[in-house]
Amino acid sequence: MEQTIIDSERLTQARALVASLEAGDDTEATRIIMAFPENVEKDLFQEVGRLTRELHEAIIGFAMDDRVLQAVQHEMPDAAERLAYVIEMTENAANTTLKAVEESMPVAEELLNDSNKLAAEWDRFRGRKMELSDFRALSDEIGGFLTLASGHSKVLNKNLSEVLLAQGYQDLTGQIIRRVITLIHEVEEKLVRLVAISGATKVQAIKKEEVEMEGPAVPNVEQGDMLNNQDDVDDLLSSLGF
Amino acid sequence: MDKNMKILVVDDFSTMRRIIKNLLRDLGFTNTHEADDGLTALPMLQTGNFDFLVSDWNMPGMTGIDLLKAVRADPNLASLPVLMVTAETKREQIIQAAEAGVNGYVIKPFTAGTLEEKISKIFDRVAG
């Protein structure tokens with residue numbers, strides 16, 4: 001019954017609109033058109049208006065939040081700077097360590113070669129298969145080796161100390177990275193609240209066309225189908241006919 | 001396996017290049033050369049008569065996978081043995097590298113033993 005009333009009302013309005021248009025009465029036509037959606041869509045417009053206002057206020061509030069302002073203006077650029085410094089420190093530590101190792105390896109090798117050579121001659125002496133003149137030469141060689149061993153041990157000791165000290169980067173970079181993590185958490189919290197207000201509950205997954213690089217596997221981070229170790233990689237490759 | 005073979009090590013991090021070069025030297029390979037990404041590596045490969053390529057994946061300029069594809073597409077380089085040494089451990093990526101014609105795949109961090117094993121495997125196959 002009600003439906004019929006509304007329909008007849010609309011029909012009347014429509015007729016009036018056609019009539020006014022035919023008569024060239026623009027003002028009347030506009031008035032009728034404006035009256036049309038009033039009942040039907042008023043609620044929707046009001047709701048959209050309310051949501052827009054809320055979102056607007058949230059954004060203003062977000063922007064005015066001192067913490068956010070400080071984070072964006074100072075701490076974010078600082079964080080980038082800090083992380084760049086982390087790369088620099090880890091690189092320096094790696095280079096210091098590598099230099100010490102590269103210096104030490106030939107030193108250790110010389111100790112090994114010389115002691116092997118002496119051991120062979122020493123065996124000959126112990127087996128009483130050595131002439132006196134050879135023994136004199138061996139005695140000189142042993143004296144020379146002891147001096148060399150003492151000097152080389154000092155070099156190895158110095159280099160190992162350098163390697164030890166270079167590990168200090170872990171503490172320093174750890175502290176810096178921890179500060180950056182705290183900042184990211186804080187900004188994340190604010191952003192999550194903003195997203196919650198805006199009602200965007202579903203973030204559409206971006207479809208990736210190509211295989212994207214994932215970088216090193218990180219525990220507790222969703223990175224797709226990552227293999228855990230070299231054995232898994234070998235298994236996969238052998239399943240592919242490698 | 002020819003210990004004098006000419007090897008190109010490609011990685012954007014100089015420390016990693018240095019580590020790989022040291023390990024290779026320990027294994028008896030001393031004829032090693034370096035490049036910091038695919039763009040610098042490719043011309044070196046084209047003119048340098050290299051016998052073996054060891055490459056990272058994630059590098060600015062030209063990535064390791066693109067370098068591998070470029071090598072396989074070049075008739076003069078197509079049969080060059082290539083070992084990937086990379087932190088990329090995503091299944092799809094390893095399959096992609098296999099399809100592009102990689103000869104071995106070592107994931108970082110790795111040990112001297114793994115590197116040696118993969119290199120011997122590659123050259124056993126090349127020789128066989």
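## Two chains and how they meet

In this structure, 22 residues of chain B are in contact with 21 residues of chain A. Keep in mind that you're looking at a predicted model. Here's a quick tour, starting at the place where the chains touch.

**Where chain B touches chain A**
- Three elements of chain B each give two or more residues to this side: helix H1 (14-26), helix H4 (91-100) and strand E5 (104-107).
- H4(B) gives the largest share, with 7 residues.
- Sorted by class, the residues on chain B's side come out as 10 nonpolar, 7 polar and 5 charged.

**A pair of helices in chain B**
- To describe two packed helices, you give the angle between their axes and the distance between the axes.
- For helix H3 (residues 64-73) of chain B and H4(B), the axes come within 9 Å and cross at roughly 15°.
- Angles under 35 degrees count as roughly parallel, so H3(B) is roughly parallel to H4(B).
- The crossing of H3(B) past H4(B) is left-handed.
- On the H3(B) side, the contact is made by B:Ile65, B:Leu68, B:Lys69 and B:Arg72, while H4(B) brings B:Gln96, B:Ala97 and B:Ala100.
- That contact has 4 nonpolar, 1 polar and 2 charged residues.

**The nonpolar core**
- The largest nonpolar core has 34 residues, and those with the most contacts inside it are B:Ile7, B:Leu8, B:Leu53, B:Val54 and B:Met84.
- Leaving out residues up to four places away in sequence, B:Ile7 touches several others, including B:Leu24, B:Phe29, B:Phe50, B:Phe52 and B:Val54.

**Chain A at a glance**
- Chain A has 7 helices and 0 strands.
- Of its 242 residues, 5% are buried.
- Among contacts in chain A with a separation of 6 or more, 69% are between residues 24 or more positions apart.

- Most residues other than glycine have a negative phi, and most peptide bonds are trans.
- The peptide bond from B:Lys108 to B:Pro109 is cis, with omega near -5°. You'll find B:Pro109 in the loop between E5 and helix H5 (112-127) of chain B.
- A:Arg128 isn't a glycine, yet its phi is positive, near 55°. It sits in the loop between helix H4 (66-126) and helix H5 (132-166) of chain A.
- A:Arg128 has 6 other C-beta atoms within 10 Å, so it's exposed.
- B:Asn49 also has a positive phi, near 55°, and lies in the loop between helix H2 (38-48) and strand E3 (52-55) of chain B.
- B:Asn49 counts as exposed because it has 8 C-beta neighbours inside 10 Å.

Conventions: Residues numbered from 1 in each chain as written. Chains lettered and ligands numbered in written order. Predicted model: local features only at pLDDT ≥ 70, side-chain atom pairs only at ≥ 80, totals over all residues. Contact = placed C-beta atoms within 7 Å. Helix = DSSP H or I, 4+ residues; strand = E, 2+ residues; numbered from the N terminus. Nonpolar A, V, L, I, M, F, W, Y, C, P; charged D, E, K, R; others polar. Axes fitted to C-alpha atoms, helices over the stretch in contact; angles between N-to-C directions. Parallel < 35°, antiparallel > 145°, perpendicular 65-115°, else oblique. Left-handed = near helix turned anticlockwise from the far one by under 90°. Core = buried A, V, L, I, M, F, W, Y, C linked by C-beta atoms within 7 Å. Buried ≥ 20, exposed ≤ 12 C-beta atoms within 10 Å, placed from the backbone.
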